[in-house]
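I opened my notebook next to the structure today. Here is what I looked up, entry by entry.

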Amino acid sequence: MATSAALFIPSSPASFSRAASISRSRLLSPPFLLPMARPLRFRRVSSSLAPSAPSPVLDNSPSPSKTGNWQWNFDGNSVNVYYEEHEGKIAANDKHILMIPTISDVSTVEEWRTVAKDIVEREGDVRCRATIVDWPGLGFSERPSLEYNADVMENFLVQFINASDGPLANSEGELVIFGGGHAATIALRAAGKRSISPTSIAAVAPTWAGPLPIVFGRSSDMESRYGLLRGTLRAPAVGWMMYNVLVSNEKSIESQYRSHVYADPENVTPSIVESRYNLTKQKGARYVPAAFLTGQLDPVMSREEFLQLFGELDGKMPILVVSTAGAPKRSKAEMDALKGAKGVTKFVEVPGALLPQEEYPLTVAEELYKFLQEHCGSKS
């Protein structure tokens with residue numbers, strides 16, 4: 001269904017309340033409020049994908065075997081980071097998989113739970129256990145008012161993986177990373193720097209550009225506008241007001257899930273919307289989204305740099321790219337650029353849009369397990 005919208009851009013926080021009554025932003029794509037002199041009108045087309053043999057999102061998210069909190073120390077802050085472990089029958093040589101949620105306003109470990117359950121309960125030639133971790137500032141982790149950017153998130157990931165007191169401490173050099181969206185790209189960047197040493201990486205619907213930069217670019221003029229929006233979202237009073245209008249309401253969340261986060265709008269259930277809405281009501285919920293929307297969490301600045309991350313790991317570890325058939329046009333173009341790219345060991349396409357691991361978890365789990373069998377099995 002095609003819809004029309006207008007971008008009414010406030011020149012200052014004081015004018016936001018007038019603009020908010022006219023236009024609403026969506027979480028991962030336009031329309032967005034930006035400081036422009038006059039409204040910008042555009043047409044949006046959203047489509048759905050109906051796969052022939054779907055394995056759709058499951059409302060009843062599997063329970064983890066164990067949950068915990070790990071202390072991330074950064075810039076004088078001690079942040080409680082939530083993680084959970086999923087285990088099947090324990091084997092002596094099982095693979096330890098770290099699953100990292102896609103970064104978004106409603107990022108959560110829940111998006112990986114069904115995939116984790118499916119993989120750890122398989123009794124094939126590769127046995128696995130999985131740890132899923134929420135990013136600081138997102139999901140069920142604490143949300144302090146840090147100046148979040150890609151370097152900060154990479155610092156967290158490196159510390160979490162390498163911590164002697166962390167849940168991955170006994171992975172014994174056999175760690176596999178599954179990441180969605182920006183999470184995959186941040187993991188690849190850290191691996192390229194040798195800050196982490198996974199045996200392989202699977203990038204599921206990988207992205208590198210935040211919602212505003214991928215649509216409006218990164219000119220100096222636009223960067224100034226992003227900075228104004230970011231500062232306004234972080235402000236004590238008007239920030240919450242703007243966040244509530246743009247993101248933290250059930251209609252907005254349902255709309256963005258139906259339009260581009262999921263490929264099939266019928267898979268967007270009331271329980272999913274309610275769960276994600278509750279995440280947006282946590283104290284400090286707006287800080288990471290303010291950075292993500294405006295490109296502060298982007299690990300690279302161009303497609304060339306994106307491809308280079310994969311190329312630098314060529315021959316050093318197997319890398320799987322899981323693209324999606326129903327991704328938004330611009331995100332799909334970045335995924336497709338990885339087909340046949342240097343460093344990409346295997347490229348597959350599955351149903352879905354930006355969260356295939358949540359919308360079609362069993363299909364994604366099947367591809368991930370095949371990859372483990374092909375490239376991470378016993379070398380004896």
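What percentage of the 380 residues in the chain is buried? I found that buried residues make up 59%, where buried means under 20% relative accessible area with a 1.4 Å probe, protein chains only.

Ground rules next. This is a predicted model, so I note that local features need pLDDT of at least 70 and side-chain atom pairs pLDDT 80 or more, while totals for chains, interfaces and linings use all residues. Residues are numbered from 1 along each chain as its sequence is written, and side-chain values use heavy atoms, without hydrogens and water.

Confidence: pLDDT, the predictor's confidence in each residue from 0 to 100, averages 86 over the chain, and 82% of the residues score at least 70. Over residues 1-54 I saw pLDDT stay under 50. Where pLDDT is low, the predicted coordinates should not be read in detail.

Fold: I looked up 14 helices and 10 strands, which are DSSP runs (H or I, at least four residues, for helices; E, at least two, for strands). For contacts (heavy atoms within 4.5 Å) between residues at least 6 apart in sequence, 77% join residues at least 24 apart.

Which residues line the second largest cavity? My list reads T207, W208, A209, I214, S331 and E334.

Conventions. 1 Å grid on protein atoms, 1.4 Å probe; cavity = no way out; pocket = protein on both sides within 12 Å on 5 of 7 lines; lining within 4 Å. Buried < 20%, exposed > 50% of the residue type's maximum accessible area, 1.4 Å probe, protein only.
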